[in-house]
Amino acid sequence: MEGLVGGSYHSYVGQEAVAVGVCSALAREDTITTTYRGRGQHLAKGASAYRLFAELLGRVDGYCKGKGGPMHICDLETGILGANGIVAGGISHSVGAALTAQMSGSRQVAVAFFGDGAVNQGVFSEAMNLAALWNLPMIFVCENNLYAEMTPLSSYVKNARLVDRAAAFGMVGEVVDGNDVEAVFRAVQSARTRALDGRGPTFLEMMTYRLHGHMLGDPETYRSKEEVAEWRARDPIVRWKTHLLESGLATEGRLAELEQTLDAELASAAERARASLEPGPETILEDVL
Ligand SMILES: Cc1ncc(C[n+]2csc(CCOP(=O)(O)OP(=O)(O)O)c2C)c(N)n1
Ligand SMILES: [Mg+2]
C-alpha cells in the first residue's frame, strides 16, 4: 500500500498448506518452478525472508539483485529455478530440470507449481506429454483455487475435474485436499518415491482457495462474500493448528511462542529490506544474457 513494490503483488494467503506440504516432502536438491504467486513456495523451500523482501522491493540484497522483482525470483542454492509472470511459463522449465536429473542420474525430482488457469495453455499439454513419455522424475502440482484472475473455472473448461487430464497423457493423477497440509505431504511423498523409482511423473490436483484478491487492489466483484467466508472457515493454518492442539502435538503456549518468533523474524526481515540499497544505473547491463 506504500507503493514500495514495483508492479503488482499476488498474495498466497489461503494456499499455504500446498507450498508447505509439497516442499516438506522434497529434498533441498529437488527443484521447483512457480508463478507470480510464488513467495509461499520460496519460503517453504528454504529461501531467506530477508532476500525475498529485498527482491520484492527491488533492492541489491534481493535474490536477483533487485532486477527480478516479485515475479521473477530464483535461487539455485535452494533449487528455486524461478517464479514466472507468464501463466504456465515455468512448467516446461521443470521438464528440462527433470530430463537433466534423469540423464545425469542425480536423483533429483523436479516440481512445477501452477494454477488451474495454466492447464489451457498449450505448453502444459506439451510438458505433460513429454514428461509421461520419457518417464521423467517430475511432479505437476496444480493449485486449483477455482479462479484464473477473475474468471471462474466453470466458465472456461467443460470438464472441471482437472485431474482427468493426467489419464489422457498416461500419467498417474490424484485429487488432494490442498488445505490439509498432511494430505499434501503424503501425496507428494509417494509421488516423489514413484519418480525416484523410475515409475514416472505424477499430476496432483490440489483443491484450495485464495483468500485475498487475485492481486493487490482486486475489487473482488466476481465472487460472493459468503463463498470467501466458507473457505475462510477451512483456512489451512487454523485447521493445522486445531489438529496440533487436539492431538496433543503442541500446546497453545508453544504455538503462541512460535507465532511471536516468526512475526518478529518477518518484521525484522522487512525492515532490513527497506534499508537495503537500490541497484545503481551502472549495473543495468550486468547479469544480462
Ligand atoms: C500467457 C499469459 N496469459 C495471460 C496472463 C495474464 N494472467 C495473469 S494471472 C492470470 C490467471 C492465471 O490463473 P491461474 O493459473 O489459475 O493462477 P492463480 O492466479 O489462480 O494462482 C492471467 C490470465 C499471463 N500472465 N500470461
Ligand atoms: Mg487459479
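The model is predicted: local features need pLDDT of at least 70, side-chain atom pairs count only at pLDDT 80 or more, and totals for chains, interfaces and linings use all residues. Residues are numbered from 1 along each chain as its sequence is written, while chains are lettered from A and ligands numbered from 1 in the order in which they are written. The protein has 10 helices and 8 strands. Both are DSSP runs, numbered from the N terminus: helices are H or I with at least four residues, strands are E with at least two.

**Overall build**

- The protein has 289 residues and a radius of gyration of 19 Å, which agrees with the value near 19 Å for a compact globule of that length. The radius is taken over C-alpha atoms, and the globule rule is 2.2 Å times the number of residues to the power 0.38.
- Along the principal axes, the C-alpha atoms fill a box of roughly 50 × 50 × 40 Å.
- Of the 289 residues, 41% count as buried. Buried means that 20 or more other C-beta atoms lie within 10 Å of the residue's own; exposed means 12 or fewer; partly exposed is in between; the C-beta atoms are placed from the backbone.
- Take the contacts with a separation of 6 or more: 73% of them join residues 24 or more positions apart. A contact means that two C-beta atoms, placed from the backbone, lie within 7 Å.

**Helices H3 and H10**

- H3 (residues 49–56) packs on H10 (residues 252–275) at about 40°, with the axes 8 Å apart. Axes are lines fitted to C-alpha atoms, for helices over the stretch in contact, and angles run from 0 to 180 degrees between N-to-C directions.
- H3 and H10 are therefore oblique to each other. Angles under 35 degrees count as roughly parallel, over 145 as roughly antiparallel, 65 to 115 as roughly perpendicular, and the rest as oblique.
- The crossing of H3 and H10 is right-handed.
- H3 brings Ala49, Tyr50, Phe53 and Ala54 to the contact, and H10 brings Glu265, Leu266, Ala269, Ala270, Arg272 and Ala273.
- These residues divide into 8 nonpolar, no polar and 2 charged. Ala, Val, Leu, Ile, Met, Phe, Trp, Tyr, Cys and Pro count as nonpolar, Asp, Glu, Lys and Arg as charged, and the others, Gly among them, as polar.

**Helices H4 and H5**

- H4 (residues 91–104) and H5 (residues 122–133) pack at about 15°, with their axes 9 Å apart.
- H4 and H5 are therefore roughly parallel, and their crossing is left-handed.
- From H4, Ile91, Ser92, Val95 and Ala98 meet Val123, Phe124, Glu126, Ala127, Leu130 and Ala131 of H5.
- The H4–H5 contact holds 8 nonpolar residues, 1 polar and 1 charged.

**Helices H1 and H7**

- H1 (residues 16–24) and H7 (residues 181–196) pack at about 35°, with axes 8 Å apart.
- The crossing of H1 and H7 is right-handed.
- H1 supplies Ala17, Val18, Val20, Gly21, Val22 and Ser24, which meet Val181, Val184, Phe185 and Val188 of H7.
- By class, the H1–H7 contact has 8 nonpolar, 2 polar and no charged residues.

**Two buried residues**

- Phe140 is part of strand E4 (residues 138–144). Phe140 counts as buried because it has 30 C-beta neighbours inside 10 Å.
- Beyond four places in sequence, Phe140 touches Ala112, Met128, Pro201, Phe203 and Leu204.
- Ala88 sits in the loop between strand E2 (80–82) and H4. Ala88 has 22 C-beta neighbours inside 10 Å, so it counts as buried.
- Ala88 and Ala118 are 30 residues apart along the chain, yet their C-alpha atoms are separated by 4.8 Å.
- Leaving aside neighbours within four places, Ala88 contacts Phe114, Ala118, Gln121, Val123 and Phe124.

**Two positive phi values**

- Most residues other than glycine have a negative phi.
- Lys65 has a positive phi, near 55°. Lys65 is in the loop between H3 and E2 and counts as partly exposed, with 16 C-beta neighbours inside 10 Å.
- Glu149 also has a positive phi, near 50°. Glu149 lies in the loop between strand E5 (147–148) and strand E6 (151–152). With 12 C-beta neighbours inside 10 Å, Glu149 counts as exposed.

How values were computed
Left-handed = near helix turned anticlockwise from the far one by under 90°.
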